[in-house]
Every structure is written in structure tokens, then in C-alpha cells.
Amino acid sequence: MRKKIIAGLAVGGALLVSFRPADNERYFEIAKNLDIFATLFKEVNTYYVDEITPSKMVKTGIDAMLKSLDPYTNYIPEDDIEDFRTLTTGQYGGIGAQVGKRNGKTIVQSAYEGYPAQKAGLLPGDELLTINGVSTEKKSNSDISKLLKGQANSIVKLEVTRYGQDKPIEISITRDKIQVDNVPYYGMVTPEIGYFQLSSFTVDAGKEVRMAVAKLKEQGAKKIIFDIRDNPGGLLNEAVNISNVFVDKGLDVVSTKGKVTEWNKTYKALDTPLDTHIPVAIITSNRSASASEIVSGVLQDYDRAVVVGERTFGKGLVQATRPLSYNSQLKVTTAKYYIPSGRCIQEIDYAHRADDGTLGKVPDSLRTAFKTASGRTVYDGGGVAPDVSVQVREIADITRVLLQKNYIFDYATRYRSEHATIPSAREFTLSDAEYQKFTQFLATKDINYSTDAEKSLADLTKKVKDEKHYDDVKTELEAIRRKVSTNKGNDLTRFKTEIRELLEQEIVSRYYFQKGQIEASFDDDPNILMAMQVLNDAPRYAALLKPGTPEAKTRPEAKRSTAGGK
């Protein structure tokens, strides 16, 4: 078998030469290097001191080769094809739950409303001990996922431990075809403002957005908040379909340009739009990427929406999948895309690396100005800049620790076991007495952390010791250290509002699932509150979409927010 693999590599090189005789010199280099690779592999396989796994070693070589190009060009072996299909279609056979490892335990993170896991009574916080009799103790997240997935209508039996129960329980779940929604939520935030969230661009995303907007209008929406934060992108044609909901039929949406010129294409809006006039505020984050940037960029280029939030990620590259032998595939970057103003929002230049292998971004000075349909200035080379910037709130150190160590998650698990019901997602609030119970819950937990002030103080102490000045300032340094320590001890009180918001959202999710968690954020999410302000101020909304107005001139032109940039 190994000889066949090596022979196949060599034959592949020969075939390349025969296909393109005009490029003999180039393809001779390809054939030569494939032959070197094959003979090297043969020698290593024969003489290396330990036994090697051919498929693993070759994949390592392939991955390293592709890594030198960009992060989006990937080899997908046959074993991973199913996971890849899940990413592109949003469909898989399973139970409809998110499960992950934590400190060696396999914990249910969430269960999708209306799917088998939730219907069977599986709860967030449950620990999975066995799956169909197989212990989860030494299994990875990938192993757990494969054990839980399976054909629709097949049964998976779980042995589960649950907070508040003495003995493990067994839950039988009938698997089903799971279709993860592209639009996990739509609803009214005020009597006149509708809101919907788009989390992915898998098959039928355009239909889901069109339906969500239609339903919101039926409920009285006269303005729309379109939340596309943290959406990593997906299918290009779905980005076109979603843009088409708000822009006229026949308009250019996006163009792709690459080395294979016959693949270059301009995608137009092909359908009758749903509404080309309803005011729209689209919320973006620095993790909104690819197809998300097409949609937000198209709506900005046609002055069809006010973009609120952060500059987007800056991925203007298009991938296509190509079939390989033995049922494997290659996902390869084939083109860059350009939105209607003519700009490409790709930020990182993968084609030119420094000698040490590092990558550079397009500098602000080299960004090119383009014009929207109304004449507003926009720029290429660095994502889609918001029309109204919302500074990301940096969470406190104490809050970060509570999240990282899952104390907020664990308290919500405990709360759910002790309270059969709570008020609706929008009405639920955690009382001061309940917050005090949470602080008591933390009394036995490890919440040690170093604040920025403590880190700076430690650095300063080291420097003065190195410079032999410590004895001169140790009294003052010790006084500062005591003061910082005292302030740190009050962090649970000082950052009570921030921590309580996250606690409320986590608790609500245990009763009202993902939709409830989203609704619980409406009253304190700064991006949603800003979008509401913009939509409720008609003169400001109109001014933001016109060139030359003071509002339009205050758009951030090129500089990315320092908070959370990637």
C-alpha cells in the first residue's frame, strides 16, 4: 500500500507535465519536487527508528505546506468531510446540544430548543459519564462529538450526573436531523423596532432572513436592527440573497477576481427585494468576517443601512472546494471579492511575508478611498468601518475570572435546580439578596487573579530592585500595594452591575434557551441601545447616509478599535 502511495505521487507529477506542455519548465519543477517528496517519504518510512503512520505524516506535510499560504486554504481528509458539510449546510444527525470538556469532565453547555436533547430533558450543567456505554473520561471533544452524532431515528443512551441529584440518571435520546438556524432570533425590541440576529451563512440563510424581516413587519416593525456580530461568514450566494432582501433587483452585490479569469464573476441581486426603504441599523463586530462583510459592506455602499459597532475583521478572500482522490477535498482560496463601491476589504497581505514569516496589514497610508452611491467616502484594505462606532466595553478582571472558571455557568446550574420557574426573559432580574447568595457561593472558590495595577506594580518593584533603589521607595510601594489589594477585595461589589447582567443572561438561558438569553441582553447591550438611538432619531439617521454632513464626516476612516482587534 505504501509503495502505491509513493508511486501515485510520482505519477501525479508526470500527469501535471502532460496536461500543460506550454508550461514545461514550471511543471518540471512541480514534478521534480513531488518526486523528491516521494523518495524522501520512502526513505523515512524505511529507515526511521520508530514506526510511522503514513497518513498522519503526509497530512502533517500537507498542512505545513498550506499554512504557508493563508489560514483558509485547508486539506480536508475523508474522516473530516462530515464535519465540513456541517459547517457549510448547518445540518447533521445528532441530539442538538453543545457539549465540551472541562477539567476532565464532559459537560453539557447548552441544548437547542425544540431538538431531541432538550425534549428528552438533558440540561446545561449535566455531566456525561457514558455514551452508549462508552466512558467519556479519556475522550476528546472530537471523540464526544462523533459518539453523539449518528443517523436520524437512532437512539443514544447517556448516563448523566446532575446537580442536586445523588445518583446518576440514564437518558435515552432519539437522534434527529439537526438544522442549526442561521437566524436564531427575531422579535420586537420596541413597538416600532424589530430585531433579528444572523449567526451563520449556511444553506437557506437568505430565506430565513427574508422570512424574519417579513414577520417583523407583520408585527408592526417600521425600523430594523440587523445584528451580524461575531458571524464568521459562509456561503457567498447566501450573502447575495441576504443583501437582495434590502436592495433592488439587478444591482451588483459582489464581484470575485482571481488567477483563473474564467471563474471571475459579478453577482447581482436576482430577486424582488422585500423592502428597499425601511430604516436599517446593522450591528458589526471585529469578528464579523467574510460573508458578513459582504452584507454590511453592500448595505453601506448603497447607503441602505447605518453600520453600528466595530470595524469588521477584514477577510476579502473567496474559497472554493476541489475534489481530491480517496474522497478527500481541498478548500482553496481562489479569488478576492469586491463590493459595489469597488473596494476589497481584505486586510492582511498573505502574499508577502517578512523574512521571519510574519505578515503585514495594509497600512492606513496606503488605503484607497472609494465612494458610496450617495458619495460618502469609504476605504478599502481593512474591513468595513462603522458609521457609528461603539467602543467595546472591557470587562473587569474579576468578571473575566468568573467566566473563565465557569462560576457564573455553575451558579446558573444551581439556580435552575432550586427554582422551577422565573419571570419572562425581559422581566427577570436578580435581586440584591440573590446576588449576595452568589458571592457566598464564591466564598469557597478560587478567584485569585492579578489586576493590571498589580502587574504594573510588580514590574515597577522589579525595576527599582534591579536599579538598587528599592529601599528608598519600599514604604510607598507597600502602601500602594495595600491600597490596590483593598480595592481588589471590593471588586464583586464594584463590578456588581456588570457581573449581575451576565448572571441574569445565563440563568435566563436555562429556562428560555438561546432566544431568552438574547432578549435578556436588550436592556443593557450598548450596541443595541446605540442602534435604537440612531433609528429613533430620523434626522440623524438621514444625515449619516448623506455625504458632507457633520454626522457623515465623523465616520472612523481607517483606524481600528484597539479593543479585541484580530
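Is the crossing of α8 and α9 right-handed or left-handed? The views below, taken from a predicted model, begin with that pair.

**View 1. Helices α8 and α9 pack against each other.** The crossing of α8 and α9 is right-handed. Helix α8 spans residues 236–246, and helix α9 spans residues 291–301. Their axes lie 9 Å apart, at an angle of about 25°. That angle makes α8 roughly parallel to α9, because angles under 35 degrees count as roughly parallel.

**View 2. Residues of both helices form the contact between α8 and α9.** From α8 come L236, A239, I242, S243 and F246. From α9 come A291, I294, V295, V298 and L299. Nine of the residues in this contact are nonpolar and one is polar. No charged residue takes part.

**View 3. Helix α8 is mostly covered.** Of its eleven residues, nine are buried. The buried residues of α8 include L236, A239, I242, S243 and F246.

**View 4. S431 sits in the loop between α11 and α12.** Helix α11 covers 407–418, and helix α12 covers 432–441. S431 has a relative accessible area of 35%. It therefore counts as partly exposed. The side chain of S431 reaches the backbone nitrogen of E434 at 3.1 Å.

**View 5. S431 and T284 are 32 Å apart in space, C-alpha to C-alpha.** In sequence, 147 residues separate S431 and T284.

Conventions: Residues numbered from 1 in each chain as written. Predicted model: local features only at pLDDT ≥ 70, side-chain atom pairs only at ≥ 80, totals over all residues. Heavy atoms only, no water. Axes fitted to C-alpha atoms, helices over the stretch in contact; angles between N-to-C directions. Helix = DSSP H or I, 4+ residues; strand = E, 2+ residues; numbered from the N terminus. Parallel < 35°, antiparallel > 145°, perpendicular 65-115°, else oblique. Left-handed = near helix turned anticlockwise from the far one by under 90°. Contact = heavy atoms within 4.5 Å. Nonpolar A, V, L, I, M, F, W, Y, C, P; charged D, E, K, R; others polar. Buried < 20%, exposed > 50% of the residue type's maximum accessible area, 1.4 Å probe, protein only. Polar contact = N/O pair within 3.5 Å; in protein donor to acceptor, adjacent residues only side chain to side chain.
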